[in-house]
Amino acid sequence: MVVTFLTKSGGFLGPIASLLGLIMNGIYEFFHLFGIQNIALSIIVFTFITKTLMIPLTIKQQKFTKLSSRMNPELQKIQAKYKGKKDEDSLRRQQAETQAVYQKYGANPTSGCLPLLISLPIMFALYAVINRIPAYVTEVKVMYESIATELAKIPGFENVLVEISKGLRASTTDLSNTNKIIDVLSKFGTEQWSLLETKLPQIAELLNQIVPNILKVNNFFGLNITNAPGWGFPNILIPIIAMALQFVQGRQMTAQNKGNSKDPASSAMSSMNIVMPIMSGVFCVTLPIGIGIYWIANSVFTIIQQFLINKYMDKVDVDEMIEKNVEKAGKKIGKTSSASASLQDLAKKQTKSINSPVIEKERDSENIDSTNHSDTSNDKSEPSNPASISEIANLLKNRNVEKGDK
């Protein structure tokens, strides 16, 4: 059984979840000023705000994807050229040619992963906040806390909670403090509250005062967001809508990247766009409705966001983007824009050798010996017409050393 704890998330995600929790608490209190107390509405607005904050990362990812459509054919030729070659010299040449391609387009191999590495912790922290609403929303916690405090005064209340909580995603192994009791109570639906009132009549009056407010806060068009949808109607509509919207989202991404249909990564993504919505729909049946609402809100916003970003990306000139990338890369390594352009020209010249066959190792050895002999006899003279990746790399390295000496 999957267990969720509604006390604050700790560890690596703790600081991120705390920050997002402050946003959620602020949204709830804002609506509270107008007499609106609803967690589902807060989750929807919360999702829109956090997705908006992540737009720069999304645009960065889309730009790298568009740039990859230019680079991938050359990278695939390099992979095919050195396929099956595991010797050190071939691996070195493959790495050098690959680096030359990235240099030619002013791209960083890790730039495509960076937005994902940043967004993943944020995404997990989002789940932590939504799954632990009482830990982050003060007004909601106060409701549960008043009941938990009275429960703790009743001898043997632990056995009652254990019995009532069977089948719920909550841990009843430790009920030693108020927060642990709230962990369990926050999972209660209408049925569990009724059972608690029946088994512990001494707090019935308190429950009659507070539970209606808790149910109102957790209500979403007649559905209790703390309950799992199950397979019954109308609850099952939440997983169905969540799954359908993720299909639309996946088709939208596939249409945007249709130019890369021969790319294995693109084919894998197309398969994922079919499998993932189905899996999320199945998970949504067993998870609280609040998570399903988050998925729906996230998909709706992502579809709108992607539509607008696609319109923006259609106007982006790839050649201009490459030129800016090269200039930016040049500035990072302390070079002038003219030197950067020269570096790009060298990279473009070198990538022309991608289609050439791999030189046999014996012939490479002869060329290396000849080059070494020439270097020794001519002191620091440079080859006038460098033909290999290694010669280009050495040429650039020697020039940088000479500049440093000066």
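Tutor: A helix here is a DSSP run of H or I, at least four residues long, and helices are numbered from the N terminus. Gln 305 has its place in one such run, helix α14. Keep in mind that this is a predicted model.

Student: Why is Gln 305 called buried?

Tutor: Its relative accessible area is 6%. Buried means under 20%, so Gln 305 counts as buried. Gln 305 touches Lys 51, Ile 55 and Thr 58, leaving aside residues up to four places away in sequence. Gln 305 and Ile 55 lie 250 residues apart in sequence, but their C-alpha atoms are 8.2 Å apart.

Student: What makes α14 largely enclosed by the rest of the structure?

Tutor: Burial along the helix. Of the 26 residues of α14, 19 are buried, so the rest of the structure largely encloses the helix.

Student: Which residues have the most contacts inside the largest nonpolar core?

Tutor: They are Ile 147, Leu 151, Leu 161, Leu 185, Phe 188, Trp 193 and Leu 196, in a core of 61 residues. Helix α14 (residues 289–314) gives the largest share of this core, seven residues. A second, separate core has 17 residues, including Leu 67, Tyr 102, Tyr 105 and Val 326.

Student: What does Leu 161 touch?

Tutor: Leaving aside residues up to four places away in sequence, Leu 161 touches Leu 151, Thr 172, Leu 175, Ile 181, Leu 185, Phe 188 and Leu 196.

Student: How do you know that α3 and α4 are roughly antiparallel?

Tutor: Look at the angle. The axes of α3 (residues 55–81) and α4 (residues 88–104) cross at roughly 175° and come within 10 Å. Angles over 145 degrees count as roughly antiparallel, so α3 and α4 are roughly antiparallel to each other. Among the residues that meet are Met 71, Leu 75 and Ile 78 in α3, and Thr 98, Val 101 and Tyr 102 in α4.

Student: Why are Phe 30 and Phe 34 called an edge-to-face pair?

Tutor: Two values settle it. Their centres are 5.2 Å apart and their planes make an angle of 65°. Rings pair if their centres lie within 6.5 Å, and planes over 60 degrees apart count as edge-to-face. Both conditions hold, so Phe 30 and Phe 34 are an edge-to-face pair. The structure holds six aromatic pairs. Ring pairs also link Phe 30, Phe 31 and Phe 34 into a cluster.

Student: What makes Phe 34 exposed?

Tutor: Its relative accessible area is 58%, and exposed means over 50%. Phe 30, at 46%, is partly exposed.

Student: Why is the pair of Phe 220 and Phe 221 edge-to-face?

Tutor: The ring centres are 4.9 Å apart and the planes stand at 80°, so the pair is edge-to-face.

Student: Is Phe 220 buried or exposed?

Tutor: Phe 220 is buried, at 18%. Phe 221 is exposed, at 75%.

Student: Why does Ser 42 count as buried?

Tutor: Its relative accessibility is 1%, and the cut-off is under 20%. Ser 42 sits in helix α2 (residues 39–53). Ser 42 touches Met 24, Ile 27, Tyr 28 and Phe 31, residues up to four places away in sequence not counted.

How values were computed:
Residues numbered from 1 in each chain as written. Predicted model: local features only at pLDDT ≥ 70, side-chain atom pairs only at ≥ 80, totals over all residues. Heavy atoms only, no water. Core = buried A, V, L, I, M, F, W, Y, C linked by side-chain atoms within 4.5 Å. Buried < 20%, exposed > 50% of the residue type's maximum accessible area, 1.4 Å probe, protein only. Helix = DSSP H or I, 4+ residues; strand = E, 2+ residues; numbered from the N terminus. Contact = heavy atoms within 4.5 Å. Phe/Tyr/Trp six-rings, centres within 6.5 Å; stacked < 30°, edge-to-face > 60°. Axes fitted to C-alpha atoms, helices over the stretch in contact; angles between N-to-C directions. Parallel < 35°, antiparallel > 145°, perpendicular 65-115°, else oblique.
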